[in-house]
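Let's look at a protein model together, one question at a time. Please keep the structure in view as you read.

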Amino acid sequence: MTDEELQQLVETVSLNYFGRPFQHQATFNRRLRTTGGRYRLGDHNLEINPRMLSEHGETVLVGVIKHELCHYHLHLSGQSGQHRTAAFKTLLAQVGGLRYAPAPAKPTPRPRQWQCYECTQCGQRYYRARRINLKKMVCGRCRGRLAWQGTVVAAQRPQ
Ligand SMILES: [Zn+2]
Ligand SMILES: [Zn+2]
């Protein structure tokens, strides 16, 4: 979705749910991290976290837009429009906006290399992110000598 399409969507949501036009700018801001969006008191523009759409879909995106439009319309009609006010809570419930933006998805761990070692005596396996000094390290179970088995690629340390 482009900024132009976002602008269109915000204008449509504003007319359909608030019965009032949105007459400022709405843009995606990928620097927003934990918040879904932001209403800028200074210039009345809206910024939306693009991950609300890419990670959570259009329903959540619209929920966030409604939330920001509550700030927008209350502020422009001379009210504070802050979260704790009754006016904000009532309007948010009326239009079905989201109270909180959903938590950002956890980043998927990238696969990395693990060095596999096996005890020559008891067969216990060890996986380490770094190579170890086989002259110094011995098996934690039986004090036996370890032998390097090779490299494994996995996101998490193999068991
Ligand atoms: Zn808010
Ligand atoms: Zn051992």
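Here are some questions and answers on strands and charges.

The model is predicted, so local features need pLDDT of at least 70 and side-chain atom pairs count only at pLDDT 80 or more, while totals for chains, interfaces and linings use all residues. Residues are numbered from 1 along each chain as its sequence is written, chains are lettered from A and ligands numbered from 1 in the order in which they are written, and side-chain values use heavy atoms, without hydrogens and water.

Q: How many bridges join E4 to E6?
A: Strands are DSSP runs (E, at least two residues), numbered from the N terminus. Two strands pair if DSSP finds at least two bridges between them. E4 and E6 run antiparallel, and the number of bridges joining them is eight.

Q: Which residue in E6 is the bridge partner of glutamine 115?
A: Strand E6 covers 146-154. Within E6, glutamine 115 has as its bridge partner threonine 151.

Q: What is the phi of glycine 123 in the turn?
A: Strand E4 (residues 112-119) pairs with strand E5 (residues 125-128) in the antiparallel sense. The two form a hairpin with five residues between them. In that turn, glycine 123 has a positive phi of about 85 degrees.

Key
Helices (H or I, at least four residues) and strands (E, at least two) are DSSP runs, numbered from the N terminus.
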